[in-house]
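Q: I have a protein model open and would like to go through it step by step. Can you help me read it?

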Amino acid sequence: MRVHLTIIALVLSFANAFAQDLKPSFESYARLGEYLGRNGGKWVATNPNYDSTQKYSAYEFEMNFFWDTERLMLWDSVTVRFKGLDYLSWISTWRWHPGMKEVEYTSHGPEGRLISGITRITNDTTFITTDKLFQPDGQFKELKDENFIVSENTHRNISYEKKDGKWEVQGSYVWKRKS
């Protein structure tokens with residue numbers, strides 16, 4: 001019996017330590033905000049699935065980050081570029097919740113769509129956002145974005161959607177900082 005209790009205590013201790021590692025500190029959140037917002041905060045990624053024969057196939061995506069040091073929020077607007085059209089698609093914020101000690105993510109999209117979730121900073125080069133995309137009628141999808149800082153001016157991400165209980169890759173992008 002004592003051996004079982006010791007094993008359970010060790011497992012719970014390990015699980016608690018692992019969970020603590022997944023919760024970001026305010027300092028790691030501030031470093032991320034400063035990194036994304038640095039030098040004007042403009043990031044561009046080409047669409048690897050671009051189809052020039054399709055009128056509404058996006059060839060490029062642009063994110064414009066602003067690290068708001070007064071409100072301790074990270075702002076972002078996403079523009080999708082098509083042939084002859086730039087479309088502002090999403091406006092997002094990340095904010096540090098001082099009570100929950102986590103980074104909350106909210107994004108407002110076309111026709112009243114809303115994304116809401118949490119961003120976890122797992123180490124100095126990786127941050128993962130898990131969220132739900134709500135449609136105007138209340139239906140939703142579960143999404144996840146894994147983001148990897150490659151260098152001062154490059155990061156990449158892999159986007160997933162949960163289908164039948166499993167994460168399926170929806171896309172992968174390499175983001176370059178523009179001056």
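A: What follows is a short talk about the fold, the surface and some charged residues.

A: This is a predicted model, so local features need pLDDT of at least 70 and side-chain atom pairs count only at pLDDT 80 or more, while totals for chains, interfaces and linings use all residues. Residues are numbered from 1 along each chain as its sequence is written, and side-chain values use heavy atoms, with hydrogens and water left out.

Q: How many helices and strands are in the secondary structure?

A: There are 2 helices and 10 strands. Helices (H or I, at least four residues) and strands (E, at least two) are DSSP runs, numbered from the N terminus.

Q: In what order do the elements run from the N terminus?

A: The order is α-α-β-β-β-β-β-β-β-β-β-β.

Q: What percentage of the residues count as buried?

A: Of the 179 residues, 38% are buried. Buried means under 20% relative accessible area, exposed means over 50%, and partly exposed is in between (1.4 Å probe, protein chains only).

Q: And what is the accessible surface of the protein?

A: About 11100 Å², and 56% of that belongs to carbon and sulfur atoms. Accessible areas come from the Shrake-Rupley method with a 1.4 Å probe, and for residues only the protein chains shown count as cover.

Q: Which residues form a nonpolar patch on the surface?

A: Tyr56, Leu85 and Tyr87 do, with about 330 Å² of accessible area together. Patches are made of residues with over 30% relative accessible area and no salt bridge; like charges are joined within 9 Å, and nonpolar side chains (Val, Leu, Ile, Met, Phe, Trp, Tyr) within 5 Å.

Q: Where is Tyr56?

A: Tyr56 sits in the loop between strand E1 (42–46) and strand E2 (60–68). Tyr56 counts as exposed because its relative accessibility is 60%.

Q: New topic: salt bridges. How many does the structure hold?

A: The structure holds 10. A salt bridge is a side-chain nitrogen of Lys or Arg within 4 Å of a carboxyl oxygen of Asp or Glu.

Q: Which residue meets Asp124 in a salt bridge?

A: Arg31, at 3.7 Å from N to O. Asp124 lies in the loop between strand E6 (114–123) and E7 and Arg31 lies in helix H2, so this pair ties together parts that are 93 residues apart in sequence. Asp124 is exposed at 64% relative accessibility, and Arg31 is partly exposed at 47%.

Q: What about Arg81, which residue does it form a salt bridge with?

A: With Glu60, and the closest N and O atoms are 2.9 Å apart. Arg81 is in strand E3 and Glu60 in strand E2, so the pair ties together parts that are 21 residues apart in sequence.

Q: Is Arg81 buried or exposed?

A: Arg81 is buried, with a relative accessible area of 14%. Glu60 is also buried, at 16% relative accessibility.

Q: How far apart are the closest N and O atoms of Glu146 and Lys144?

A: They are 3.6 Å apart, and the two residues form a salt bridge. Separately, salt bridges that share partners join Glu60, Glu62, Arg81 and Asp86 into one network.

Q: Where does Asp76 lie, and what does it touch?

A: Asp76 lies in strand E3 (residues 73–82). Leaving aside neighbours within four places in sequence, Asp76 has contacts that include Met63, Phe65, Trp90 and Trp94. Contact means heavy atoms within 4.5 Å. A polar atom of the Asp76 side chain is 3.2 Å from the backbone nitrogen of Asn64.

Q: Last topic, backbone angles. What is the phi of Asn39?

A: Asn39 has a positive phi of about 55 degrees although it is not a glycine. Most residues other than glycine have a negative phi. Asn39 lies in the loop between helix H2 (26–37) and E1.

Q: And the phi of Leu72?

A: Leu72 also has a positive phi, about 55 degrees, and is not a glycine. Leu72 is in the loop between E2 and E3, and is partly exposed with a relative accessible area of 35%.

Definitions and conventions: A polar contact is a pair of N or O atoms within 3.5 Å; within protein, one must be able to donate a hydrogen and the other to accept it, and residues adjacent in sequence count only if both atoms are side-chain atoms.
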